[in-house]
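Work through two exercises on the model below. Each has a task and a stepwise solution.

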Amino acid sequence: MKKLLAIAVFALSPMAFSVSAGMSTHMENTLVAVCKAGASNSLYKLRDTVKSYHINKQRIFPRLVCNGENFHQFALSHGADKTAAKISPYMKGTVTIKDIAMTYGSDEIMAVNY
């Protein structure tokens with residue numbers, strides 16, 4: 001009987017580990033609440049939600065994805081301009097450097113012979 005129990009435990013253990021490997025329900029509920037608060041366009045609701053769940057804005061806002069969009073785009077797509085403006089300083093930006101010097105093609109350069 002003990003052998004059968006041990007075999008059953010070893011056979012079912014991968015299923016137990018795969019279930020616990022995902023996100024906890026508390027973490028998922030927290031992130032859903034933050035996404036809802038971001039879409040609400042209420043700065044009070046966003047501040048209250050972030051404060052009640054003890055969320056680090058610098059770590060969460062650039063990485064949070066709601067419905068396949070980053071948090072800033074999610075707020076903008078739901079018409080939440082106030083909350084999008086509030087979280088925009090936390091979003092990572094991109095910098096592009098564009099050379100404004102005039103460049104000539106090889107056919108435009110004139111050869112000078114002395």
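**Exercise 1.** Find which residues line the largest pocket.

*Solution.* Step 1: list the lining. His-26, Met-27, Thr-30, Leu-31, Tyr-53, His-54, Ile-55, Asn-56, Ile-60, Arg-63 and Leu-64 line this pocket. (On a 1 Å grid over the protein atoms alone, a pocket is an open set of points where a 1.4 Å probe fits, with protein on both sides within 12 Å along at least five of seven lines; lining residues have an atom within 4 Å of a point.) The model is predicted: local features need pLDDT of at least 70, side-chain atom pairs pLDDT 80 or more, while totals for chains, interfaces and linings use all residues. Residues are numbered from 1 along each chain, and side-chain values use heavy atoms, without hydrogens and water.

Step 2: sort the lining. It holds six nonpolar, four polar and one charged residue.

Step 3: find the main contributor. Helix 2 (residues 25–39; a DSSP run of H or I, at least four residues) gives the most, with four residues.

**Exercise 2.** Determine how helix 2 and helix 3 are arranged.

*Solution.* Step 1: take the axes, lines fitted to C-alpha atoms over the stretch in contact, with angles from 0 to 180 degrees between N-to-C directions. Those of helix 2 and helix 3 (residues 43–52) come within 8 Å and cross at roughly 165 degrees.

Step 2: classify. The two helices are therefore roughly antiparallel (over 145 degrees).

Key: Ala, Val, Leu, Ile, Met, Phe, Trp, Tyr, Cys and Pro count as nonpolar, Asp, Glu, Lys and Arg as charged, and the others, Gly among them, as polar. Angles under 35 degrees count as roughly parallel, over 145 as roughly antiparallel, 65 to 115 as roughly perpendicular and the rest as oblique.
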